[in-house]
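Please open the model in your viewer and keep a selection panel at hand. The stops below are arranged so that each selection leads on to the next.

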Amino acid sequence: MKENQPFQDSENELNQQTNEEVNEHTAEAEASQAGETASEDASEGTAAENEALDPAALKSEVERLQGLADDYQQRAIRTQADFDNFRKRTQKEKEDLAKYASTKLVTELLPVVDNFERALAAAGEGSEMESFTKGVSMIFRQLEGVLQSEGLQAMVTVGEPFNPEYHQAIMQVESDEYEEGIVVEEVQKGYMLKDKVLRPAMVKVSM
């Protein structure tokens, strides 16, 4: 057993030396691989930096951003214009509403005015009717004043050229006094409320 001891020691020494060489080679290989990886990372970083600093790429990016800015600016301008138009339209509608708020009331009072005029026209000249006529006339003038204060005005039609915007022709008649297409008689008065036709006049027109 003692005779084999030298050989055993030599074998252990050889194994230890072999393991050290293997470990040394492994460490060198790992160091080499780590160096290559670091070199590749550095190379990629340099390439990315070069790409980021490329003038053509920078110019393209600036143009893209400028295009977006111009597009947003145009949208903002259109939005502002739409808002201004909406505000003006709303303001006009509000003004028209206030201006013609009495339209319904005045329209309903027009038949009353018509009846007043008919009553005054039918009133006699006798002394018995004189006080009645005067009273009705005063009421009519009072009502007429109220309506005029609201912007109501009677149209002047006789002798004027026929205009379908203001006149409603119910008949054509021959006339020696007027040319063709002229209003010769007013059957029912027409009225304007400020600058709007409230009721067209019923007229007879020369032919």
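Begin by selecting E117 and K189, whose side chains meet in a salt bridge with an N to O distance of 2.9 Å; a salt bridge here is a side-chain nitrogen of Lys or Arg within 4 Å of a carboxyl oxygen of Asp or Glu. This pair links distant parts of the chain, with E117 in helix α3 (residues 103-122) and K189 in the loop between β3 and β4 (191-193), 72 residues apart. Helices (H or I, at least four residues) and strands (E, at least two) are DSSP runs, numbered from the N terminus. E117 is partly exposed at a relative accessible area of 23%, and K189 is partly exposed as well, at 28%; buried means under 20% relative accessible area, exposed over 50%, and partly exposed in between, with a 1.4 Å probe and protein chains only.

Before moving on, note that this is a predicted model in which local features need pLDDT of at least 70 and side-chain atom pairs count only at pLDDT 80 or more, while totals for chains, interfaces and linings use all residues. Residues are numbered from 1 along each chain as its sequence is written, and side-chain values use heavy atoms, with hydrogens and water left out.

R141 is partly exposed at 48% relative accessible area, and E144 is partly exposed at 27%. In helix α2 (residues 55-99), select R87 and D84, again three residues apart and about one turn of the helix, with a salt bridge of 3.9 Å, N to O. R87 counts as partly exposed at 44% relative accessibility, and D84 counts as partly exposed at 23%.

Now turn to the sheet, and colour β2, β6 and β3, which form an open sheet of three strands in the order β2-β6-β3 with mixed pairing; two strands pair if DSSP finds at least two bridges between them. Because β2 (167-173) and β3 (183-188) stand at the edges, each with a single partner strand, one side of each is left without a neighbour in the sheet.

Is S206 buried or exposed? With 0% relative accessibility, S206 counts as buried. Leaving aside neighbours within four places in sequence, S206 is in contact (heavy atoms within 4.5 Å) with residues including Q172, V173, Y178, I182 and V184. A polar atom of the S206 side chain lies 2.2 Å from the backbone oxygen of E179.

For the last stop, select K194 in the loop between β4 and β5 (196-199). Most residues other than glycine have a negative phi. K194, although not a glycine, has a positive phi of about 60 degrees, and K194 is partly exposed with a relative accessible area of 38%.

How values were computed
Polar contact = N/O pair within 3.5 Å; in protein donor to acceptor, adjacent residues only side chain to side chain.
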